[in-house]
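Please look over the sequence and structure first.

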Amino acid sequence: MKPKNQRLVLVSAALVAVLAAVLLAMWGLRDRASYFYTPADILAGKAADGQPARLGGMVEKGSIQHEPDGVTIRFVVTDGKAAMPVVFRGIPPDLFREGSGAVAEGRLQNGVFVAETILAKHDERYMPPELGNLAAEHKAGKTLAR
Amino acid sequence: MIAEAGLAALWLAAGLAAYQLVLMLLALRTDVEVVRPMRAVAVVQGALTMIAFAMLLLVFARSDMSVALVFENSHSAKPFIYKVAGAWGNHEGSMLMWVTILAVAGALLALFSRRTGERTLIAALGSQALLALGFYAFLLIASNPFARLSPAAPDGQGLNPLLQDPGLAFHPPTLYLGYVGLSVAFSLAVGALLTGEVDSRLARAMRPWVLGAWILLTLGITAGSYWAYYELGWGGYWFWDPVENASLMPWLAATALLHSINVLASRGALKAWTMMLAVIAFSMSMVGTFLVRSGILTSVHAFAIDPERGTFLLALLAIYVGAAFTLFALRGATLKEGAPFELVSRETGLVINNLLLSVILGIVFLGTLYPLFVEAISGEKLSVGAPYFNSVAGPLALFLAVLVGIGPLLSWRRERRRVFGLLKVPALLAATALAITIILAPGIGILPRLGLTIAAFLAAASVLPLVVRNPLRAPLATWGMVIAHFGIAVALIGMAANAAFSAETLAIAKPGETLNVGPWFVQLKDVTPTAGKNYTALEAELRASRGDGMIVLNPQTHYYSDPPTETNESAIRTVWNGQLYTVLGRSDPSGGWQLRLWWKPFVTLIWAGGALIAFGGALALLGRLWRIRRPRRARGEWHRKGYA
C-alpha cells in the first residue's frame with residue numbers, strides 16, 4: 001500500500017469504528033436502559049409490564065410483611081400521591097426501614113413490582129440519586145406552591 | 001500551622017507551574033536557554049506538592065479537628081491506618097492526591113527524559129504545567145483541603161464504614177497513579193504535535209509511562225473489583241457502575257495506546273493515530289475524574305443546583321480536551337505516515353485491536369453518559385446496567401480475545417510464516433472445550449460457553465510466540481506480552497465459569513440447621529455477639545463440608561456508631577476450584593437467621609488473570625527500561641527480534 005492510500009484506509013477505518021460504536025450503543029440503549037418511575041408514574045401506566053425498571057419512593061410505615069420462607073418480604077412504596085406493592089426475595093440493605101427512602105430495581109408483573117435489588121440510604125449522608133432528586137423536586141414544588 | 005504550611009506549599013507550587021508555562025512560551029519566541037530552569041522548576045513543584053500532601057496526611061494522622069476536612073471525614077476513635085487513608089477518602093483530599101501525582105509525574109519527566117528532542121521536552125513540560133495549573137486553581141478556589149473550622153470541633157463525623165477496609169488504603173492511590181501517569185503521555189503527545197517531532201524516538205520515550213500507568217490501572221481495577229466483591233456482599237465482581245466505568249475507560253484507551261505505540265516505536269507508522277490515542281487516554285482519565293468528583297452521578301439536579309465544583313471541572317475538561325483536539329486537528333494532517341505495511345501483517349493486527357478497543361470504549365462511554373444526557377435534556381431518569389454493557393460490548397470483547405491469540409504471531413510489514421498451521425493446536429483445544437461444555441453443561445448461556453471455548457483457544461495460542469523460538473533468548477518484553485495475553489485467557493475462564501456454574505442459596509436457618517449450595521453442605525452452628533475496635537458485631541459460625549474435612553466461616557454484621565451504619569461482612573473461603581461465599585442477613589422472629597450462600601467455581605481466576613496481566617506488563621516495562629539503560633545492545637537486538 002502506498003503511504004497516502006494507507007492513511008486513507010486508516011482514517012476510514014477510524015470513522016467506521018466511531019460509527020459502529022454509536023450505532024451499536026444506540027441499538028443497545030433503545031431497549032436495555034431501565035427507567036426510573038415513581039408509584040404515581042406506574043399507576044398512570046408509564047411502565048410497561050415486564051420491562052426492566054426502577055421504582056423509587058418511601059417505604060410505607062407498617063407495610064413490611066415477611067413471608068413464611070423468611071427471605072421474601074412484601075412492602076409498599078409510596079410517593080405521597082400513589083402506592084405500589086413490592087415483593088423482594090433477598091437480604092435487604094442495611095438501612096432499609098419503614099418510613100425511609102428506597103429504590104427497587106426489577107420489573108412490574110401483574111400490578112406488583114418484583115424487585116431484584118433494593119438500594120437504600122447508605123448512611124445518613126448518602127441517598128440513592130433518584131431519591132435525592134425526588135427530595136429536591138419536592139422542595140422545589142413546595143417553594144413554587146408557596 | 002501544619003494546615004497553613006500545606007496551603008502555602010500548594011500556592012507556591014501553583015506559582016511555579018505558572019512560571020514553568022511562561023518559560024515554555026519564552027522558548028517558543030526566543031532563543032533563551034530554558035531547558036535547565038524548566039527541569040528545576042518542575043522538580044521543585046513536584047516536591048512542593050509532596051509537602052502539601054504530607055501536611056494533609058499529618059493533620060489526618062493527628063485527628064486535628066480544627067481542619068474542616070478532618071472533622072467531616074474522620075473520627076478520633078478510628079484505627080490509625082484508616083485515619084491516614086481517610087485523607088484521600090474524600091473529595092478535597094483525593095483531588096490533592098491527584099494534583100500531587102500530576103506534579104510528581106512532571107518532575108520525573110523533567111528528571112529522566114533524555115530520549116525526546118529538547119524542544120519536544122520543553123513543550124511537554126509546558127503542557128504538564130498547564131494541566132497542573134488548572135487543577136491547582138480547582139483546589140485553591142473550589143476545594144481547599146486545608147480550610148479551618150472555627151471553632152474546632154470536639155470530634156469528627158466519621159468515615160463511611162464501607163470505606164474502612166484495607167482495600168481503601170491502596171485502591172484509589174493505585175488508580176490515581178494510573179490515571180495521572182497517562183498525563184505524561186498526553187503532554188508528550190501535545191509537545192510532539194507542537195514541534196512536529198512525532199517519531200519512534202518519541203514513542204520509545206512515551207512507552208514506559210504508558211506501560212507504567214496501564215499496569216497500575218490494571219492493578220487498580222482488579223483490586224477494586226475484588227474489593228466490591230467481598231465488601232458489598234452481593235457476590236458480583238463488576239457492576240457496570242459509572243464509577244467503575246470511569247476507571248475502565250482510561251484502561252481501554254491505554255490498552256489501545258500501548259499496542260499502537262509499539263507500531264510507532266518499531267515501524268514509525270500510525271503516527272497521528274498514536275498521538276490521538278495518547279490524547280484520548282488522558283482525556284478519559286479526566287472524564288473519569290469529572291464523573292466521580294463533580295457529584296453529577298449523585299444527581300444531575302444537584303450538579304445544576306450546586307455547580308461550583310462540577311462546572312469548574314467540566315470547564316477544565318472542556319478546555320484541555322478541546323485544546324488538545326484542536327491541536328491534533330491542526331497538526332495531525334501534517335504528519336507524514338511512516339513505513340507502509342501489507343494487509344496481512346502485524347500492523348494490521350494491531351490496527352484491528354485498536355479499532356475493537358475503541359469501539360468498546362465508545363460503547364462504554366455512551367452507555368455511561370447516556371443517562372446523564374437524557375436527564376439533563378428531558379428530566380427523565382434512567383439507568384444503564386449490565387444488560388446493555390454485557391450484550392453490546394461482550395461479543396466484541398470475545399472477538400477481540402480470539403484476535404489476541406492470532407495477532408502476535410504475525411510478522412511486521414508482511415506476513416511470511418504460515419500462521420494458520422501454528423494455530424492448529426489451539427483450535428483443536430477450543431473445539432474440545434466446546435464439545436465438553438455441550439456434553440457436560442448443555443444448559444449454560446451462549447456467552448459463557450463462547451467464553452470458555454475462546455479462553456481455551458487463547459490460553460494455548462498466547463504462548464505460541466515463545467514456542468516458535470528459543471524461549472530463553474526471547475526478550476523480556478515478549479515474555480511480558482505472552483504472560484499478559486495468557487492472563488486474559490485465565491480471567492476469561494473465571495468470568496465464564498462464574499457466569500455458567502455459580503450456585504446460590506438464600507434461605508433462613510436456625511442454629512443447628514444445614515443448608516445446601518452446589519456441592520457444599522453448610523451448617524449454621526450459632527450466632528454470637530462480638531466487638532471490634534470501633535464497632536459491635538454479630539458473628540455467625542458456619543461449618544461447611546463437601547465430603548472431605550470441614551471448614552469454618554464467620555460472616556459478620558457490623559454496627560458502627562459514628563456515623564450509625566451497619567455493614568454485612570461476608571466470609572469467603574477459597575479452595576482450589578473456587579470460592580464459598582457466605583453472608584449473614586437478619587434474624588427472624590422465630591429465631592432463624594437469613595443466610596446467603598454462593599458457590600462460585602473458579603471465580604478466583606478473574607483476579608488471578610488481572611494480576612497476571614499486570615505482571616506481564618511489569619515484565620515488559622522492566623525489559624524496556626533495561627534497554628533504555630543499555631541502548632547499544634538494544635539497537636543490535638532491534639533487527640533480530642520479531643516479537644516486541
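In this predicted model, helix α16 of chain B runs over residues 424–440. Its 17 residues reach 24 Å from the first C-alpha to the last, close to the 24 Å expected at 1.5 Å a residue.

**Helix α16 of chain B**

- The buried residues of α16(B) are P426(B), A430(B) and T437(B).
- Viewed down the axis of α16(B), these buried residues fall within an arc of 40°, so they line one face of the helix.
- An α-helix has 3.6 residues a turn, so residues three or four places apart point the same way.

**Domains of chain B**

- The domain assignment of chain B gives domain 1 as 1–164, domain 2 as 423–501 + 604–640, and domain 3 as 503–601.
- Taken over C-alpha atoms, the centres of domain 2 and domain 3 of chain B are separated by 36 Å.

**Contact between domains 2 and 3 of chain B**

- Four residues of domain 2 of chain B are in contact with four residues of domain 3 of chain B.
- On the domain 2 side, helix α19 (residues 476–501) of chain B gives the most, with three residues.
- The residues on that side of domain 2 of chain B divide into two nonpolar, two polar and no charged.

Terms used:
Residues are numbered from 1 along each chain as its sequence is written. Chains are lettered from A and ligands numbered from 1 in the order in which they are written. This is a predicted model: local features need pLDDT of at least 70, side-chain atom pairs count only at pLDDT 80 or more; totals for chains, interfaces and linings use all residues. Helices (H or I, at least four residues) and strands (E, at least two) are DSSP runs, numbered from the N terminus. The expected span of a helix is 1.5 Å times one less than its number of residues. A residue is buried if 20 or more other C-beta atoms lie within 10 Å of its own, exposed if 12 or fewer, and partly exposed in between; C-beta atoms are placed from the backbone. The arc is that of the directions from the helix axis to the C-beta atoms. Domain bounds come from an automatic or database domain assignment. Two residues are in contact if their C-beta atoms, placed from the backbone, lie within 7 Å. Ala, Val, Leu, Ile, Met, Phe, Trp, Tyr, Cys and Pro count as nonpolar, Asp, Glu, Lys and Arg as charged, and the others, Gly among them, as polar.
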